[in-house]
Amino acid sequence: MSKILFKNARLRSSPELTEILAEDGFITKIGKTDGKSEGAEIIDLGGRLVCEPYCDPHIHLDYVFTAQSFQQNETGTLFDGIASWSESKGSLSKEVLKERAKKGLKEQLVGGTQYIRTHVDVTDPKLTGLQAMLELRDEMKDLAEIQIVAFPQEGMYSYKGGAELVEEALKMGADCVGAIPHFEYTSEMGAKSVKKAVQLAVKYDKLVDIHCDETDDEMSRFVELLAYEAMDNGIGKKTAASHTCAMGSYNNAYAFKLFKLLKKSEINFISCPTENIHLQGRYDAYPKRRGLTRVKEMLDDGINVCFAQDSICDPWYPLGNGNLMYVLDAGFHICHLTSPQYMSHALDLISSNGAKTMNLGERYFLKEGNPANFIVIDAQNDFDALRNRAGVYASIKNGKALFIKKPTEFAEETFSKYGL
Ligand code: FE2
């Protein structure tokens with residue numbers, strides 16, 4: 001029987017220090033443990049902040065670290081990223097895909113992420129990427145929980161047989177249905193793909209996550225159809241709209257009407273700040289649009305929004321390292337979230353809001369009876385974490401430490417000489 005006592009833990013809900021007791025991988029006590037912790041191994045968290053693990057609800061693990069090996073995306077646009085991927089993807093074997101994905105996953109783990117939703121390109125008759133990611137999901141289950149989206153990167157209908165490949169991927173074990181309506185050749189095909197995605201989700205009891213309106217084109221309005229179809233089929237909470245960049249270009253009269261539907265539908269939103277500030281605005285002269293969805297306004301309206309790292313070094317974004325704190329920092333700046341009511345709950349955007357989007361349920365939260373999954377952040381509270389872009393000191397999964405970093409050692413003599 002394993003028994004670990006995490007001392008001097010600081011919860012997000014209270015500045016007081018407390019204790020967390022984990023037995024056999026589950027949290028058995030939060031608070032003073034009195035005699036219960038006898039014989040436990042003790043880990044002193046030194047007053048650091050304890051938070052539920054970070055969630056990255058939108059990454060492409062089958063694409064990671066391909067930016068340098070593929071033809072460069074010189075324009076930096078979404079469409080040239082797709083062209084570059086399309087030309088080269090056939091050359092990747094299952095083994096190579098898995099090795100790259102493992103490297104990306106390790107970076108995510110070190111950044112404190114334990115829940116991941118990865119889109120996998122299924123516009124490939126051999127479904128090589130899907131097979132690789134299905135294996136990865138099972139092999140890595142003790143380190144991270146991975147959801148797989150059957151994502152038709154080149155279109156459900158613009159790519160011949162795309163819709164059938166999505167369905168095949170669901171039968172093989174993918175968790176979510178994907179689509180990319182703004183990329184389809186015509187808006188009719190885009191609308192058909194949204195309807196098909198919802199239909200497939202209902203048929204196979206899966207989640208939905210659509211790359212939706214990832215463009216500065218203010219006429220790209222698939223999000224309204226997605227919200228309606230999800231609501232009409234009773235799967236709003238199981239549905240996510242990723243990107244919705246065009247919402248940043250909608251006129252306010254339309255946005256006002258749209259928001260009523262979005263709220264009623266209960267669908268979730270995923271914004272990828274670093275990738276979309278990079279990809280959007282590319283057709284603008286000046287002023288250049290930010291290209292992000294209306295994060296602040298949706299939060300104000302009680303609509304669930306979370307942040308994600310879409311790419312790690314792929315044809316769509318040459319940077320990225322899976323560290324969601326950097327993503328959070330970028331998102332707070334780009335979306336004008338830098339006021340106290342948002343900063344005091346900043347971590348929600350990369351933790352609980354993502355968990356809600358991923359439909360993780362109550363088991364995700366730090367409470368007695370749940371699996372002992374949490375991270376320890378080098379900060380005192382959310383504001384402090386955001387301001388310092390604080391690192392993750394430790395990540396605990398099922399009661400065991402995936403890592404504990406060493407605290408910074410100062411040259412005390414030098415610092416004290418200057419009174420620091
Ligand atoms: Fe994506």
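This is a predicted model: local features need pLDDT of at least 70, side-chain atom pairs count only at pLDDT 80 or more; totals for chains, interfaces and linings use all residues.

User: How many helices and strands does the protein chain have?

Analyst: Helices (H or I, at least four residues) and strands (E, at least two) are DSSP runs, numbered from the N terminus. Counted that way, the protein chain has 14 helices and 16 strands.

User: What is the radius of gyration of the protein chain?

Analyst: It is taken over C-alpha atoms, and the globule rule is 2.2 Å times the number of residues to the power 0.38. For 420 residues the rule gives 22 Å and the chain comes close to that, so it is as compact as a globular protein of that length, with a radius of gyration of 22 Å.

User: What share of the 420 residues in the protein chain is buried?

Analyst: The C-alpha atoms fill a box of roughly 65 × 45 × 45 Å along the principal axes. Contact means heavy atoms within 4.5 Å, and among contacts between residues at least 6 apart in sequence, 76% join residues at least 24 apart. As for the buried share of the 420 residues, that's 59%.

User: Which residues are the protein donors of the iron ion?

Analyst: Donors are N, O and S atoms within 2.8 Å of the metal (3.2 Å for Na, K and Ca); water is not among the atoms, so sites may look incomplete. Along the chain the donors follow the spacing H-x1-H-x150-H-x98-D. Lying 2.1 to 2.6 Å from the iron ion, they are His58 (NE2), His60 (NE2), His211 (NE2) and Asp310 (OD).

User: What is the geometry of the site of the iron ion?

Analyst: Four donors count as tetrahedral if all angles lie between 85 and 135 degrees; four count as square planar and six as octahedral if opposite donors are over 155 degrees apart and all others between 65 and 115; anything else is irregular. Here the angles among the four donor atoms run from 82 to 173°, and the site is irregular.

User: How far apart in sequence are the parts that His58 and Asp310 tie together?

Analyst: Both His58 and Asp310 are buried. His58 lies in strand 6 (residues 54–59) and Asp310 in the loop between strand 13 (305–307) and helix 10 (324–334), so the parts they tie together are separated by 252 residues.

User: How many aromatic pairs does a search of the whole structure find?

Analyst: Rings of Phe, Tyr and Trp (its six-membered ring) pair if their centres lie within 6.5 Å; planes under 30 degrees apart count as stacked, over 60 as edge-to-face and the rest as tilted. On that basis, the number of aromatic pairs in the whole structure is seven.

User: How far apart in sequence are the parts tied together by Phe6 and Phe374?

Analyst: Phe6 and Phe374 pair edge-to-face, 5.1 Å centre to centre with 85° between the planes. Both are buried. Since Phe6 sits in strand 1 (residues 3–11) and Phe374 in strand 14 (residues 374–377), the sequence gap between the parts they join is 368 residues.

User: Where is Asp213?

Analyst: Asp213 is not a glycine, yet has a positive phi of about 55°. It is buried, with a relative accessible area of 0%. Its place is the loop between strand 10 (207–212) and helix 6 (222–232).

User: Where does Cys313 lie?

Analyst: Cys313 also isn't a glycine and has a positive phi of about 55°. Its relative accessible area is 10%, so Cys313 is buried. It lies in the loop between strand 13 and helix 10.

Methods
Residues are numbered from 1 along each chain as its sequence is written. Side-chain values use heavy atoms; hydrogens and water are left out. Buried means under 20% relative accessible area, exposed over 50%, partly exposed in between (1.4 Å probe, protein chains only).
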